[in-house]
Amino acid sequence: MSQKKRFSKTVTFAMLFILIIFIMGCSKTVDEKTAEPDSQEESTWTKEDLTKLKNQPTQEPQPEICNNIDDDLDEEIDEDITQECGSSTIGICKKGIEYCEKGFWSNCENNIEPTNEICGNNLDDDCDGETDEDCLCITFFHNNYTPSGLFEKDFLKKLKNNKFPNLEIKEYIVTQNENQDVLTAHKQKHNVNFELLPLTFIGDNHIRGYATEQTTGKEILDLLLACTDCNCD
Ligand SMILES: [Ca+2]
Ligand SMILES: [Ca+2]
Ligand SMILES: [Ca+2]
Ligand SMILES: [Ca+2]
């Protein structure tokens with residue numbers, strides 16, 4: 001083999017060697033770039049870590065709202081968040097306040113909710129804008145010792161408890177020194193001349209004395225059932 005040919009062969013081998021080294025280098029770079037993350041490393045992420053990561057704010061501070069997240073980025077969650085609660089501000093009703101606790105609202109506090117209308121207390125208990133509405137009123141004078149007056153007192157109580165929860169009984173015990181003026185005013189207003197007690201006023205009507213549930217009692221019951229305007233004035 002001539003010296004020229006031997007030189008040419010050596011150069012060819014050298015070039016091939018460089019080419020192989022180059023290809024191997026490229027291959028290694030590609031492998032490194034596309035390599036999957038080490039599976040052992042990935043397994044160190046817990047579910048809790050991922051949740052924290054997910055909940056981490058990725059934006060500017062926002063107004064704090066009740067969501068169990070630190071929206072305004074002051075490192076406190078749901079701090080100082082309250083809201084008004086309750087159904088009404090009419091009559092006795094009052095709004096209350098509830099507090100945010102880790103994304104949940106507390107019970108409403110200090111609110112007053114509607115109840116059944118209580119007659120004669122001069123309050124709008126059911127918060128419908130009317131005071132003591134749909135109430136029935138009986139004005140009842142007796143001396144607190146005559147049996148007929150005491151029987152009537154028991155009967156009126158029964159009526160209120162069993163049939164007319166909206167009945168207001170204005171009871172006046174009349175003695176020589178007490179409630180004479182109220183009795184006199186009622187008698188004058190209703191044009192009544194009757195000196196004995198009990199004496200009962202229902203709307204524009206009045207009932208003298210009291211006998212039994214079946215007689216006077218029935219009379220009182222019928223008057224109450226027929227009453228259209230029997231509020232206490
Ligand atoms: Ca906060
Ligand atoms: Ca929040
Ligand atoms: Ca009312
Ligand atoms: Ca009332």
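**Helix, strands and burial**

Author: Of the 10 residues of helix α5 (residues 180–189), the number buried is 0, so this helix lies largely in the open. A residue is buried if 20 or more other C-beta atoms, placed from the backbone, lie within 10 Å of its own. Helices (H or I, at least four residues) and strands (E, at least two) are DSSP runs, numbered from the N terminus. The model is predicted: local features need pLDDT of at least 70, side-chain atom pairs count only at pLDDT 80 or more, and totals for chains, interfaces and linings use all residues. Residues are numbered from 1 along each chain as its sequence is written, while chains are lettered from A and ligands numbered from 1 in the order in which they are written.

Reader: Is strand β4 mostly covered or mostly open, and which way do its residues point?

Author: In a regular strand the side chains alternate between the two faces of the sheet. Strand β4 (residues 136–142) is mostly covered, with 7 of its 7 residues buried. Leu 136, Ile 138, Phe 140 and His 142 point one way, and Cys 137, Thr 139 and Phe 141 the other.

Reader: Which strands are joined to β4 by bridges?

Author: Two strands pair if DSSP finds at least two bridges between them. β4 runs parallel to strand β5 (residues 167–173), joined by 7 bridges, and antiparallel to strand β6 (residues 199–202), joined by 4 bridges. Phe 140 stands opposite Glu 171 in β5, and its bridge partner in β6 is Thr 200.

How values were computed: A residue is buried if 20 or more other C-beta atoms lie within 10 Å of its own, exposed if 12 or fewer, and partly exposed in between; C-beta atoms are placed from the backbone.
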